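User: I'd like to go through this model label by label. For each term, please set the value against the cut-off.

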Amino acid sequence: DTLLLRRRAVDAKAISKTLQTLDYGSWKWAGSGGELRTPDARMIEVGGCEHDADKGKYQGSPHDLIAFDELPTFTESQYTFIIGWNRPLNPRLYPNQRCRVVGAGNPPTDPEGEWVLRRWRAWMPGAERPAKPGELRWYTTIEGEEVECEDGRAIIHKGVAYQPRSRTFIPARLEDN
């Protein structure tokens with residue numbers, strides 16, 4: 001199942017209207033967003049997360065794809081909380097289900113969005129250890145600190161296993177829109 005998010009629910013309405021034009025499956029409105037059920041039983045949920053507390057409405061709902069539109073408009077807290085449910089809906093039936101998080105957007109326009117530059121700093125000009133566009137890097141959070149890892153193998157710290165997740169950055173140009 002997929003979760004498409006805009007920061008403000010009213011902005012999610014445009015995504016919802018676009019999905020409806022596909023005429024693929026059944027559509028159910030929910031506030032400014034909604035849900036598309038595809039003929040093969042997949043679900044695409046469209047919603048918003050305007051206030052920090054709104055992130056709780058996505059708690060416990062697994063999604064194998066979570067996509068943030070205009071990522072710098074979200075808070076880092078919203079992002080890290082919501083991606084915690086990026087997992088297969090049914091891992092027993094689909095143990096190899098590919099799960100991913102996509103954040104699309106323009107550079108931050110205010111200080112609140114600068115967390116995006118920190119999180120993808122390896123791909124930014126002047127990085128200490130620069131990454132190439134599309135290059136995978138691996139990260140996990142240990143005791144509240146983000147740690148870059150050599151690869152995707154679990155890290156054991158004080159007897160606790162931490163599973164790194166890959167991250168990359170793919171720049172775009174205005175002409176790509």
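User: Why is Glu70 called partly exposed?

Analyst: Its relative accessible area is 23%. Buried means under 20%, exposed means over 50%, and partly exposed is in between (1.4 Å probe, protein chains only). The value for Glu70 falls in between, so Glu70 is partly exposed. This is a predicted model, where local features need pLDDT of at least 70, side-chain atom pairs count only at pLDDT 80 or more, and totals for chains, interfaces and linings use all residues. Residues are numbered from 1 along each chain as its sequence is written, and side-chain values use heavy atoms, with hydrogens and water left out.

User: Where is Glu70, and what is its phi?

Analyst: Glu70 is in the loop between β5 (65-69) and α2 (76-82). Helices (H or I, at least four residues) and strands (E, at least two) are DSSP runs, numbered from the N terminus. Phi of Glu70 is near 60°, which is positive in a residue other than glycine.

User: How do you know whether Lys158 is buried or exposed?

Analyst: Lys158 has a relative accessible area of 66%. That is over 50%, so Lys158 is exposed. Lys158 is in the loop between β9 (155-157) and β10 (160-162). Its phi is also positive, about 55°, although Lys158 is not a glycine.

User: What is Glu143 in contact with, leaving aside its neighbours within four places in sequence?

Analyst: Contact means heavy atoms within 4.5 Å. By that rule Glu143 is in contact with His157, Lys158 and Tyr162. Glu143 and His157 are 14 residues apart in sequence and 9.5 Å apart in space, C-alpha to C-alpha. Glu143 is in the loop between β7 and β8. At 55% relative accessibility, Glu143 counts as exposed.

User: What makes a set of residues a nonpolar core, and which have the most contacts inside the largest one?

Analyst: A nonpolar core is a set of buried Ala, Val, Leu, Ile, Met, Phe, Trp, Tyr and Cys residues joined through side-chain atoms within 4.5 Å. The largest has 18 residues. Leu5, Phe68, Leu71, Tyr79, Ile82 and Trp120 have the most contacts inside it. β1 (2-6), β5, α2 and α3 (115-119) each give two or more residues to this core. Apart from it lies another core of nine residues, among them Ala12, Leu19, Ile44 and Ala67.

User: How do you know the count of disulfides?

Analyst: A disulfide is a pair of cysteine sulfur atoms within 2.5 Å. The sulfur of Cys49 is 20 Å from the closest cysteine sulfur, in Cys99, so it is too far for a bond. For Cys149 the closest cysteine sulfur is also in Cys99, at 19 Å, so that is too far as well. The count is zero disulfides.

User: Are Cys49 and Cys149 buried or exposed?

Analyst: Cys49 has a relative accessible area of 0%, so Cys49 is buried. Cys149 is at 9%, so Cys149 counts as buried.

User: Which residues are the closest to the centre of the largest pocket?

Analyst: Val101, Val102, Gly103, Trp120 and Thr168, out of 48 lining residues. β6 (100-104) gives the most to the lining, with five residues. The space in this pocket is about 1700 Å³. On a 1 Å grid over the protein atoms alone, a pocket is an open set of points where a 1.4 Å probe fits, with protein on both sides within 12 Å along at least five of seven lines; lining residues have an atom within 4 Å of a point. Grid points are joined across faces, edges and corners, and a volume is the space filled by probe spheres set on the points.
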